[in-house]
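Subject: Structure handover

Hello,

The structure for you to look over is below. My notes follow it.

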Amino acid sequence: MKLETSLSKKLGLKYPFVAAPMFLISNKEMMLAAAEAGILGCMPSLNARTSEKFREDLAWVRGKTDKPIGINLTIGLTPKERLEADFAACVEFGVPVILTSYGNPTDYVKRAHDAKALVFHDVITLAHGKKAVGAGVDAIIAVSAGAGGHAGRISPFVLIPWLKEELRVPIISAGCISDGRQVVASLSLGAELCYLGTRFIASAECGAADAYKQMVVTAGPEDIVYTDAVSGIHANFLKSTVPENFSPDRTPEGAKRWKDIWSAGQGVGLIHAVKPMGAIVEDLAREAHDTWKALT
Ligand SMILES: Cc1cc2nc3c(=O)[nH]c(=O)nc-3n(C[C@H](O)[C@H](O)[C@H](O)COP(=O)(O)O)c2cc1C
């Protein structure tokens, strides 16, 4: 089986996988390790406390590799001045992929294209997908039910082929990919890249606390709760970290959203060890080949 798609070839990736951006916990070390492993390493620009720090992170990665990386601009959640400074840093360092989420990507698509970068936009509904395609994005990240972070409600079995039929742009499969079986499934449904968040929480390089990584390793899908109580938007969390009576306007003492309330997707059920990013990537590729061989 060829672990290669038009989009992975265009990006120059060894494998059609993305280490997806994760608020607070993806970092420059993960981006570098992913890029070196032959996949697209990403982080939200906001994970650096200031634009200056973000610029330093990009300079650090660029000093060590010229392989492709992606930066997530959380449009609606980032003050305009910060967003502009972060975008300028992406252009300065030749970041080839901008991942837009939480807002309208229109402004950034043309400017990214002028800078020869591609824009992938994150959606959970067809309506938002249509708007993003209208804005000229290069691919749609289809975030399915069960994904870590702000997840959708539609099964990936339907979401990926449906958005592909409706939108006619490359579709990226996000949600519940933990091993090579879901890689093969995603490709068979028509996805051009597999976008993994939760699997990479349990990586040596990830900035998550050790207890968080261990919980990802030991939890099952029934330990995940889909709730809007934490941020006002439905997302998946490790149930035992969500305090009782938590609501977007009433935060019990001490519990900080995302920092102490840990997000992860249903894919936790298939994650059994914390490993270096490079080893996880090779596991995924080997498992995908084994799955394909067993089917043919
Ligand atoms: C802890 C955590 C934080 C996340 N933060 C972001 C974010 O800041 N921006 C974003 O676009 N997606 C974010 N996501 C979603 C991921 O980029 C990705 O879509 C998702 O993890 C894929 O599903 P999976 O976790 O089942 O692999 C986050 C996911 C997790 C688990």
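I start with helix α11. Its buried residues pack against β1 (17–19), α2 (28–36), α8 and α9. Packing here rests on contacts, meaning C-beta atoms, placed from the backbone, within 7 Å. Helices (H or I, at least four residues) and strands (E, at least two) are DSSP runs, numbered from the N terminus. A residue is buried with 20 or more other C-beta atoms within 10 Å of its own, exposed with 12 or fewer, and partly exposed in between; these C-beta atoms too are placed from the backbone.

Two points on provenance. This is a predicted model: local features need pLDDT of at least 70, side-chain atom pairs count only at pLDDT 80 or more, and totals for chains, interfaces and linings use all residues. Residues are numbered from 1 along each chain as its sequence is written.

Back to α11. The buried set is Met277, Ile280, Val281, Leu284, Ala285 and Ala288. They sit on the same side of α11, because they cover an arc of only 135 degrees around the axis. That arc is taken from the directions from the helix axis to the C-beta atoms. Arg286, Lys293 and Ala294 are exposed on the other side. Length checks out: the 19 residues (277–295) should span 27 Å at 1.5 Å a residue, and the end C-alpha atoms are 27 Å apart. The expected span is 1.5 Å times one less than the number of residues.

Next, the core. The largest nonpolar core has 95 residues. Such a core is a set of buried Ala, Val, Leu, Ile, Met, Phe, Trp, Tyr and Cys residues joined through C-beta atoms within 7 Å. Val18, Ala19, Ile98, Ala142 and Ile172 have the most contacts inside it. Beyond its neighbours within four places in sequence, Ala19 touches residues including Met30, Leu196, Phe200 and Met277.

Then the ligand. There are 27 residues around it, and Ala20, Gly148, Gly149, Gly197 and Gly265 come nearest. To count as near, a C-beta atom, placed from the backbone, must lie within 6 Å. β3 (69–74), β8 (193–196) and α9 (198–201) each give two or more residues to this shell.

Tyr102 is not a glycine, yet has a positive phi of about 55 degrees. Cys176 is in the loop between β7 (171–174) and α8 (180–188) and is buried, with 27 C-beta neighbours.

Best wishes

Terms used:
Contact = placed C-beta atoms within 7 Å.
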